[in-house]
Amino acid sequence: MGSLQSENGVNFSARDGSRFVDGSNTRLRAGIANCLEFLVDVPTYVRSPEGSGFSEVAPALKWQISPIPGKVELSAVFGAALPTGSASVAGRGAQPYLQFPWSWELRSGWGLSGMLTEFIRPSDPTSKLIAEATFVIEKKVTERGSLFVEYVGDYPENGSPAQLLNWGGPYRLSPNQQVDFHVALGINHKRAQLHCGHQIFGTFR
């Protein structure tokens, strides 16, 4: 409670011969009560072959529920992306979401984590609800670096799911700076693409 944190990152990625850049991916976090914080994702500039522009402002509240039995850390996040950005990048209308991130530290540097998210898009004529599930296995290999494998599945209300296998690792340059590298491979026809990217990420308290 009473803390203020700023997280910032820049993504550089390539897919099917095209290059994408987005930044600064800034999230502001303020502790307003015990286990309760206010979040806001500020607009990010996106440049891609499909279009360029700013994303939306997305305020949210996060409540840390856990630890629960078994030392699983569980949180609940409720927020909404407000229609402040470019429609080609952010879509149309307000887009609320409900999110449940969790993590479980195992022995010998191993860890499990994941997240369940329900996106609500009232202005989308085809799929107003999209559920997303992620599952991550991570192994700490040095004091500063680790490796992970991640499954990401998007399940729209109407239409077939899009599934992705993502692997890579973060490396901490300092207590407040980190570089991530990952490669993603689509494992069904909607995600049949190779995605490579890395992110420079800093946290300032």
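How many residues line the second largest pocket, and which of them lie nearest its centre? The second largest pocket is lined by 15 residues, and Ser-3, Arg-29, Gly-31, Leu-36 and Glu-37 are those nearest its centre. This is a predicted model, in which local features need pLDDT of at least 70 and side-chain atom pairs count only at pLDDT 80 or more, while totals for chains, interfaces and linings use all residues. Residues are numbered from 1 along each chain as its sequence is written, and side-chain values use heavy atoms, with hydrogens and water left out.

**Overall make-up and confidence**

- The protein's secondary structure comes to one helix and 14 strands; helices (H or I, at least four residues) and strands (E, at least two) are DSSP runs, numbered from the N terminus.
- Of the 205 residues, 33% count as buried, where buried means under 20% relative accessible area, exposed over 50%, and partly exposed in between (1.4 Å probe, protein chains only).
- Among contacts with a separation of 6 or more, 38% are between residues 24 or more positions apart; contact means heavy atoms within 4.5 Å.
- Mean pLDDT, the predictor's confidence in each residue from 0 to 100, is 84 for the protein, and 90% of the residues reach 70 or more.
- Over residues 191-205 pLDDT stays under 50, and the model has 71 contacts beyond four places in sequence for them.
- Where pLDDT is low, the predicted coordinates should not be read in detail.

**The second largest pocket**

- On a 1 Å grid over the protein atoms alone, a pocket is an open set of points with protein on both sides within 12 Å along at least five of seven lines, whereas a cavity is a set of points where a 1.4 Å probe fits but cannot get out; lining residues have an atom within 4 Å of a point.
- The volume of the second largest pocket is about 250 Å³, a volume being the space filled by probe spheres set on the points, which are joined across faces, edges and corners.
- Strand E1 (4-15), strand E2 (18-33), strand E3 (36-41) and strand E6 (58-64) are the elements that give two or more residues to this lining.
- E2 provides the largest share of the lining, four residues.
- Seven lining residues are nonpolar, four polar and four charged; Ala, Val, Leu, Ile, Met, Phe, Trp, Tyr, Cys and Pro count as nonpolar, Asp, Glu, Lys and Arg as charged, and the others, Gly among them, as polar.

- Strand E11 (residues 146-156) pairs with strand E12 (residues 162-174) in the antiparallel sense over seven bridges; two strands pair if DSSP finds at least two bridges between them.
- Asp-154 stands opposite Ala-162 in E12.
- The hairpin of E11 and E12 has five residues between the strands, and Gly-159 there takes a positive phi near 110°.
- E12 is joined to strand E13 (residues 177-186) by 10 bridges, and the two run antiparallel.
- E12 and E13 form a hairpin with two residues between them, and Leu-165 stands opposite Leu-185 in E13.

- Val-136 lies in strand E10 (residues 129-140) and counts as buried because its relative accessibility is 11%.
- Beyond its neighbours within four places in sequence, Val-136 is in contact with Gly-111, Leu-112, Ser-113, Phe-148, Val-149 and Glu-150.
- The C-alpha atoms of Val-136 and Val-149 are separated by 5.7 Å, with the two residues 13 apart along the chain.
- Ser-123 is found in the loop between strand E9 (110-120) and E10, and is partly exposed because its relative accessible area is 43%.
- Not counting residues up to four places away in sequence, Ser-123 touches Arg-92 and Gly-93.
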